[in-house]
Amino acid sequence: MKRFLWLLAVAAATLAGSALAQSSAPRNDLPQPYRTTRDWGELPPGVKWAAVTAVEAAPDGSIYVIHRCFANSCTGRSEAPILKYNAAGKLLVSFGQGMFNFPHGATVDSQGNLWVSDARGENGKGHQVIKFDPNGRVLMRLGKAGVSGSGPDLFDQPADVAIAPNGDIFVSDSHRNGKNNRIVKFSKDGKYIKEWGRKGAGPGEISEPHTIAFDSRGRLFVGDRENNRIQIFDQDGKLLDQWRQFGRPSGIFIAKDDTIYVADSESGPDSGAHELMGIKKGIRIGSAKDGSVTGFIEDMESTTPDHSGAEGLGVDAAGNVYGAVVRRQMLERHVKK
């Protein structure tokens, strides 16, 4: 009997290990069912697209675009890094002037409030997550302005933010070579609850949590970028699965029907950051339910050594996919053919 129970335990552990080791290689040959336009959206007078970092569709149909003002930084700049559009690309309002150094990740909650992270600290700004109402009024700040750290009230280069269905706030902290490599959980009023994660490549360990998103079941998908995988956790930090078939994740968006869109902006030749060799850059599309990958929007420079593809991404109510392109400084809009 003891041996039988031991064999059952070994079999269960093997199955669990198999589930946690989904390692299907990302494919370059999937269908590409979209046509692409570039530099979508009206810009304020005298402003050019800088490094675009995030695109978020709001419940009312408006679309927020976050960019880095000039080149790759808003430090000392007067431009507004947050631009709000209607579905036709008409600029409705802009805000956030003088508030950010390095705007990075963003999300829109169910009330239409916009959350934006600042992944660089200097000049008494940054290392924060800021919540805005739809008109640009600041409602909440997490972290201390310009202060880097690892405590419950500090961040170091927070990369992204996601809001759970009950309003709890999740922040992925840090960016490349950051101190923390963790997920931090707060209540809806900003009270620290818990955190998990540490630097490493093992199950549950993280190396650059660049993007996070929830599926319809409330599971948290973490783009563990330097480990070339997505790790899936419950809201208490229990590791549920890990997927590698979507490539090297810079951005994740999960629609209400659990269609998942994953932006891979860094695969190709290895620059020393453990990129996936031979894998094309672009946006892979599939199912958050079973991990299947069914489509691929190939980047226009999908095999160049330098980072080129969209890092952030968003999807509007009509199913149009928006790519936030940092190095080439543009906003892409992908429409189904």
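How many of the six residues of β20 are buried? Six of the six, so β20 is largely enclosed by the rest of the structure. "Buried" here means under 20% relative accessible area, while "exposed" means over 50% and "partly exposed" is in between, using a 1.4 Å probe and protein chains only.

Before I go on, a word on what we're looking at. This is a predicted model, where local features need pLDDT of at least 70 and side-chain atom pairs count only at pLDDT 80 or more, though totals for chains, interfaces and linings use all residues. Residues are numbered from 1 along each chain as its sequence is written, and side-chain values use heavy atoms, leaving out hydrogens and water.

So how confident is the predictor? pLDDT is its confidence in each residue, from 0 to 100. The protein chain averages 92, and 93% of the residues score at least 70. Residues 1-21 stay under 50, and the model has seven contacts beyond four places in sequence for them; a contact means heavy atoms within 4.5 Å. Where pLDDT is low, the predicted coordinates should not be read in detail.

Back to β20. When I say strand, I mean a DSSP run of E with at least two residues, numbered from the N terminus. Two strands pair if DSSP finds at least two bridges between them. β19 and β20 pair in the antiparallel sense over six bridges, with A263 standing opposite I283 in β20. β20 is also joined to β21 by five bridges, again antiparallel, and there I285 stands opposite G295 in β21. The hairpin of β20 and β21 has five residues between the strands, and G291 in this hairpin takes a positive phi near 85°.

A cavity, on a 1 Å grid over the protein atoms alone, is a set of points where a 1.4 Å probe fits but cannot get out; a pocket is an open set with protein on both sides within 12 Å along at least five of seven lines, and lining residues have an atom within 4 Å of a point. Grid points are joined across faces, edges and corners, and the volume is the space filled by probe spheres set on the points.

How many cavities of 30 Å³ or more are there? One. The largest cavity holds about 60 Å³ of space, and its lining includes I283, I297 and H334. β1, β20, β21 and β24 each give two or more residues to that lining. The second largest pocket has a volume of about 200 Å³. Of the 17 residues that line this pocket, the closest to its centre are R68, N72, H307, E311 and V326.

Let's visit some loops. T303 sits in the one between β21 and β22. Is T303 buried or exposed? It's exposed, because its relative accessible area is 54%. T303 still touches P269, K280 and K281, leaving aside residues up to four places away in sequence.

Q157, in the loop between β9 and β10, has a positive phi near 60° and isn't a glycine. Q157 is buried, because its relative accessible area is 17%. D258 has a positive phi too, near 75°, in a residue other than glycine. Find D258 in the loop between β18 and β19; it counts as buried because its relative accessibility is 3%.

Note on methods
Helix = DSSP H or I, 4+ residues; strand = E, 2+ residues; numbered from the N terminus. pLDDT = per-residue confidence, 0-100.
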